[in-house]
Amino acid sequence: MPRLVVAAPSSGSGKTTVATGLMAAFAERGLAVSPHKAGPDYIDPGYHALATGRPGRNLDAFMCGPELVAPLFAHGAAGCDLAVVEGVMGLYDGAAGRGELASTAQVAKLLRAPVVLVVDASSQSRSVAALVHGFASFDPQVRLGGVILNKVGSDRHEVMLREALEEAGMPVLGVLRRAPQVATPSRHLGLVPVAERHADALAAVAALAEQVRAGCDLGALMALARTAPPLSCEPWSPASQAPGAGRSHGNGNGAARHGRPVIAVAGGAAFTFSYAEHAELLTAAGAEVVTFDPLRDEALPAGTGGLVIGGGFPEVYAPELSANRALREAVAAFAAAGGPVAAECAGLLYLARSLDGRPMCGVLDADARMSERLTLGYREAVAVSDSSLAVAGTRLRGHEFHRTVIEPGAGSAPAWGFTHPERRVEGFVREGVHASYLHTHWAAQPSVARRFAEAAAAWTATVREDAAARP
């Protein structure tokens with residue numbers, strides 16, 4: 001599989017611009033391009049998917065473990081002509097205090113992939129050679145194959161940069177001029193997601209493709225990608241994680257015994273954060289995954305047996321979510337009846353009594369509001385209470401990323417106990433509801449998807465039996 005990792009010395013250098021532009025430019029040539037993102041970010045993969053027509057997939061060595069990076073990559077890239085991996089932060093930046101763990105450099109080494117370094121050259125000339133030399137020599141196991149110079153100011157500026165890098169023996173694979181017209185709008189948690197600006201996002205991706213075509217040597221980049229050696233790993237497979245999906249859960253009835261439960265997954269502009277592997281695991285575990293939009297749909301999908309409400313920006317759409325009273329009441333009724341609900345971050349806020357003073361679903365005796373403080377970072381967690389997702393004692397790793405607070409921060413039966421970097425309990429477990437700020441990647445713990453699918457199947461069977469017993 002020809003592959004490239006697009007990295008940078010620091011955040012803000014233009015990784016997303018270059019990676020998305022490369023994906024789109026190669027896809028326009030008729031290549032099947034597999035898009036990937038190092039780290040936990042949900043938003044960039046949305047733009048990658050728009051550029052390639054394939055799901056954007058994350059490669060996170062902290063949440064999933066280094067051993068799953070190459071198998072997850074191979075799963076996503078199956079049948080493609082080229083894979084492009086966008087890095088995270090600076091090339092060597094990873095989980096705080098954990099060395100190279102979860103860094104772009106670690107992902108590149110695990111994938112045995114050449115790295116293209118995107119350098120913001122707007123405020124330097126000959127010094128670029130020293131900068132690139134340092135990144136190339138810092139870790140000999142990271143193969144830096146070339147540089148793309150971003151925000152170059154003029155022809156003269158380009159000549160000086162090329163001369164300096166020629167002295168350093170580093171190929172220049174592209175030069176991009178300043179182009180504010182293709183800038184993508186941002187807000188409090190990063191770029192505005194594709195789902196909120198689809199038409200404008202399409203135009204931006206097309207402009208990025210044009211900019212990359214004009215400024216980069218696509219032939220040389222493809223040749224570099226082809227130098228990646230074979231990966232000696234089996235692709236990750238959702239089906240291989242499914243054994244046991246029909247085993248008993250709770251009342252002794254499993255998903256296989258009860259048939260295919262419907263699991264409704266929140267989508268639309270307010271709930272855009274999800275990993276593709278979650279739906280794949282639920283499907284492999286015997287569920288039928290159906291998407292609904294809490295901004296527009298006034299009822300849950302027919303036959304809903306489980307409800308997944310992931311991350312996103314409910315704070316931006318609080319008035320619209322609150323105005324959809326019919327759906328809020330349907331969610332509350334489903335939870336009150338004992339239906340299994342898995343809510344992460346935005347889902348937690350939606351289940352609260354209120355968000356910024358506006359009524360939400362009222363499933364949780366808690367109120368949420370926007371905050372000036374950004375909560376960001378990896379977490380090591382252990383399940384505190386038995387739930388529809390995990391038995392108490394289950395350990396996994398996750399990620400927090402929000403500018404909101406919920407009060408109280410935990411219920412009488414908390415969801416998680418954090419063991420690193422600080423010790424605290426967080427989230428809510430009540431009957432079938434599991435609600436928390438923690439984002440998790442279920443590929444690291446497939447039993448979560450199996451358990452949730454079985455809970456949905458068991459609950460669906462109970463509802464059907466109750467309905468059949470009524471005169």
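Author: Strand β10 (residues 262–266) and strand β12 (residues 304–309) run parallel and are joined by 4 bridges. Within that pairing, V265 has V308 of β12 as its bridge partner. Please keep in mind that this is a predicted model.

Now let's step back to the sheet that holds these two strands. It is an open sheet of 6 strands with mixed pairing, and the order reads β11-β10-β12-β13-β21-β20. The edges are taken by β11 (288–292) and β20 (428–430); each has a single partner strand, so one side of each is left without a neighbour in the sheet. From one strand to the next, the twist averages 15°. Helix α12 (residues 325–336) packs on this sheet, where it touches β11, β12, β13 (341–344) and β21 (433–436). The direction of α12 makes about 115° with that of β12.

For another look at parallel pairing, turn to strand β6 (residues 144–152). Of its 9 residues, 8 are buried, so to speak mostly covered. On one hand, β6 pairs with strand β5 (residues 115–120) in the parallel sense over 6 bridges, and V115 stands opposite L144 in β6. With helix α6 (residues 155–167), β6 and β7 make a right-handed β-α-β unit.

Technical notes
Residues are numbered from 1 along each chain as its sequence is written. This is a predicted model: local features need pLDDT of at least 70, side-chain atom pairs count only at pLDDT 80 or more; totals for chains, interfaces and linings use all residues. Side-chain values use heavy atoms; hydrogens and water are left out. Buried means under 20% relative accessible area, exposed over 50%, partly exposed in between (1.4 Å probe, protein chains only). Two strands pair if DSSP finds at least two bridges between them. A crossover is right-handed if, with the strands pointing away from the viewer, the path from the first strand over the helix to the second runs clockwise. Axes are lines fitted to C-alpha atoms, for helices over the stretch in contact, and angles run from 0 to 180 degrees between N-to-C directions. Contact means heavy atoms within 4.5 Å.
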